[in-house]
Amino acid sequence: MLERRLYFHIDWLLIAALFALSAVGLTTIYSATGGPSSVYWTQIYAIGLGLLAMLVCLAIDYRSLGDKSHLIYLGVVLALAGVLFFGDVRGGSRRWIDLGVFNVQPSEF
């Protein structure tokens, strides 16, 4: 999945800085809430999800995304059109698609 030659091009200092910043954030939440609270565990899950997303981004070759950019654009346009039919009205405007577990705002893409 991850090519061995990419291993040498990873900025390990940046990865270490990300872990240090995450540790400082977790320490701040831990001390502000008086122990492991729901906010603390939510932050730990978010860090894990971010690491998973980073690994996925490392595994995907960006040139293949460029080759499929027409299909990605078509998918985003269809999602924007889907807001007209399936979107939720919030704050006086229709902009979110409710997928049950989470909401998607296609205009962000």
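## Aromatic cluster

In this predicted model, Y30, Y40 and W41 form one aromatic cluster. The count of aromatic pairs comes to 2. In one of them, the ring centres of Y30 and Y40 are 5.5 Å apart and the planes stand at 65°; since planes over 60 degrees apart count as edge-to-face, the pair is edge-to-face. Y30 belongs to helix α2 and Y40 to helix α3, so this pair ties together parts that are 10 residues apart in sequence.

Y40 also forms an edge-to-face pair with W41, at 5.6 Å centre to centre and 80° between the planes. Y40 counts as buried at 16% relative accessibility. Y30 counts as partly exposed at 42%, and W41 counts as partly exposed at 41%.

## Helix α2

Helix α2 covers residues 12-33, which is 22 residues. From its first C-alpha to its last it reaches 32 Å, close to the 32 Å expected at 1.5 Å a residue. I15, L26 and I29 are buried in α2. They cover an arc of only 60° around the axis, and therefore lie on the same side of α2. An α-helix has 3.6 residues a turn, so residues three or four places apart point the same way.

What covers the buried residues of α2 includes α3 (38-59). On the other side of α2, the exposed residues are L13, L21, V24, T27, S31 and A32. After α2 comes G34, with a positive phi near 80°.

## A59 in helix α3

A59 has its place in helix α3. With a relative accessible area of 28%, A59 is partly exposed. Between A59 and G75 there are two separations to note: the two are 16 residues apart in sequence, and their C-alpha atoms are 22 Å apart in space.

## Sheet and helix α5

An open sheet is formed by 3 strands in the order β1-β2-β3, with antiparallel pairing. The edges are taken by β1 (87-90) and β3; each has a single partner strand, so one side of each is left without a neighbour in the sheet. Helix α5 (residues 69-86) packs on the sheet and touches β1 and β2. The direction of α5 makes about 100° with that of β2.

β1 and β2 pair in the antiparallel sense over 4 bridges. R90 has S93, in β2, as its bridge partner. The hairpin of β1 and β2 has 2 residues between the strands, and G91 in this hairpin takes a positive phi near 65°. The pairing of β2 (residues 93-98) with β3 is likewise antiparallel and runs over 2 bridges. Here the bridge partner of D98 is N103, in β3.

## Q105 after β3

Q105 is located in the segment after β3 (103-104). Its relative accessible area is 16%; buried means under 20%, so Q105 is buried. Leaving aside residues up to four places away in sequence, Q105 touches R95 and W96.

Definitions and conventions. Residues are numbered from 1 along each chain as its sequence is written. This is a predicted model: local features need pLDDT of at least 70, side-chain atom pairs count only at pLDDT 80 or more; totals for chains, interfaces and linings use all residues. Side-chain values use heavy atoms; hydrogens and water are left out. Buried means under 20% relative accessible area, exposed over 50%, partly exposed in between (1.4 Å probe, protein chains only). Contact means heavy atoms within 4.5 Å. The expected span of a helix is 1.5 Å times one less than its number of residues. The arc is that of the directions from the helix axis to the C-beta atoms. Two strands pair if DSSP finds at least two bridges between them. Axes are lines fitted to C-alpha atoms, for helices over the stretch in contact, and angles run from 0 to 180 degrees between N-to-C directions. Rings of Phe, Tyr and Trp (its six-membered ring) pair if their centres lie within 6.5 Å; planes under 30 degrees apart count as stacked, over 60 as edge-to-face and the rest as tilted.
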